[in-house]
Amino acid sequence: MRAAVGALVRKDLRAELRNLEAVPAMTLFVVSTFVLFHFGLDRDTLSGSLASGVLWVTLLLAAVLGMNRLFVTEREQGGFDAFLVAPVDRTAMFVAKALVLFAFLVVLEVVAVAAFSVLLLGPGLGQALPGLVLVLLLADAGLAVIGTLVGALAVQTRARDLIVPLLALPLCVPLLIAAAEATAPLLAEGGGGAPEGRWLLVLALYDVVFGLLAYAVFDFLLED
Amino acid sequence: MLGRGLKSFSIASTLLVVAALGLTFFYAPLDADQGFIQKIFYLHVPLAIVALGGFVTGGIHGIKFLRSGDRRQDLRSYVAIHMSLIFGVGALLTGSIWARAAWGHWWLWDEPTLVSFLVVFLLYACYQPLRFSIEDPERQARYAAVFAVTAGAFVPLNFLAVRMAESLVHPRTLSSTDNLPGPMALTFLVAVIAMIVLFTTLVKYELAAKSTRMQLGRLKRRLSGEAPSAPLTTRRSAAPQNL
């Protein structure tokens, strides 16, 4: 299992490094969206819950782009078939894809948070950073799980690009609520407060519940 | 096979719905604050409860389908979710009307139950497009079941998150039925039971209609000497086509 997951993750990361398909597109999308928000809101700096909302909605939409691409090569280049004939546990595919999406999101956020603090954020990021990293990692885990499930669900349908956002956005609403509420005090004017524990708890609960659920049902999406 | 008990269910749901309406209009007292408009409560809340229950039922049938591969469970899951969507539209409309009358706005974002219901409704509204965009019937059933299970688990989690995020304007009907005065509680209870029986009856009708149509298609194909695996209808539909 571990060897299979490792091989799949290495393959995906290598493919991404050679093609530079998903992560650069997501990053560009995030920066353009920040510019759009600047003009759409007509504000030079944001703080508090507005900043947190803009950051999270942008990250969520960028994550949807990543979910869209996650399984496309497997389907088009016959990766699914090759994986299914290999004598490994099918859950390895789920774990590997979730890890890959998680890695993509982390790379994306390194750029996105830096760009956000330069372009839009009013208060300094310095002391808020540890709390923000915690919230980002918890939310990334949830996004990776949902994204893997939805991506696998949608890749075999005719209207793939439509199905992914339609399914993923409502499913991510609790995640968005908890992440945005937890981030708001961190980005408040005049230095960050701590994120409220209950929102971190909701994020963790969401990760665990959907992690287990996706782990249980993922096999059925591969069977053929 | 699926049409058994339709008659008794129809009679029971007619009687119960009439009883619920009678109790609502002639027995339950007028609400002290809201007056007559509060009576929409006896329609709105049962609709919402039954729709959510139907979504979860669809998820349970989805699990049963994934475990057994029995296509009838797929049909049941589809019909439960389909009917819940219709009830959900009713719940959203009545909720909106009630909000307008009670608080002066068609939509209130600080009302967690309405908001979480909308999110759940939006998610389930993708059920039909998802089924529609998968051609292979076996894969369609399997993917729809995976969706039904995921979304069924999403319902309680979403309510938890939205409820925590919002203020507490909306009456907590499920936990506060004991705060209702006796006649109101009785009316509410009868209304919920009537709605559950009505939902079950409609689901039974749809199941009977769908399985009858499939049976008819099979017989027609046997008459015309076609292969039994030939597509049943030329009209595309999101519903399961064959058992």
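Before selecting, note the conventions: residues are numbered from 1 along each chain as its sequence is written, while chains are lettered from A and ligands numbered from 1 in the order in which they are written. This is a predicted model, where local features need pLDDT of at least 70, side-chain atom pairs count only at pLDDT 80 or more, and totals for chains, interfaces and linings use all residues.

**Stop 1: chain B**

Select chain B. It has seven helices and zero strands. Helices (H or I, at least four residues) and strands (E, at least two) are DSSP runs, numbered from the N terminus. Buried residues make up 40% of its 243 residues. Buried means that 20 or more other C-beta atoms lie within 10 Å of the residue's own, with C-beta atoms placed from the backbone. Now look at contacts in chain B with a separation of 6 or more: 78% of them join residues 24 or more positions apart. Contact means C-beta atoms, placed from the backbone, within 7 Å.

**Stop 2: the interface**

Show both chains. Here 24 residues of chain B are in contact with 24 residues of chain A. On the chain B side, select H4 (112-124), H5 (127-132) and H6 (137-165); each supplies at least two residues. H6(B) gives the largest share, 15 residues. By class, this side has 19 nonpolar, three polar and two charged residues. Nonpolar covers Ala, Val, Leu, Ile, Met, Phe, Trp, Tyr, Cys and Pro; charged covers Asp, Glu, Lys and Arg; the others, Gly among them, are polar.

**Stop 3: the core**

Select Val150(A), Leu153(A), Leu167(A), Ala178(A) and Ala179(A). Of the 143 residues in the largest nonpolar core, these touch the most other members. Such a core is a set of buried Ala, Val, Leu, Ile, Met, Phe, Trp, Tyr and Cys residues joined through C-beta atoms within 7 Å. H7(A), residues 129-155, gives the most to this core, with 16 residues.

Zoom in on Ala178(A). Beyond its neighbours within four places in sequence, Ala178(A) contacts Trp199(A), Val202(A), Leu203(A), Tyr206(A) and, across in chain B, Ala161(B).

**Stop 4**

Eleven of its eleven residues are buried, so H9(A) is largely enclosed by the rest of the structure.

Finally, select Leu132(A), Val135(A), Ala139(A), Gly142(A) and Leu143(A) in H7(A); they meet Leu175(A), Ala179(A), Ala182(A) and Thr183(A) in H9(A).

Methods. Two residues are in contact if their C-beta atoms, placed from the backbone, lie within 7 Å. A residue is buried if 20 or more other C-beta atoms lie within 10 Å of its own, exposed if 12 or fewer, and partly exposed in between; C-beta atoms are placed from the backbone.
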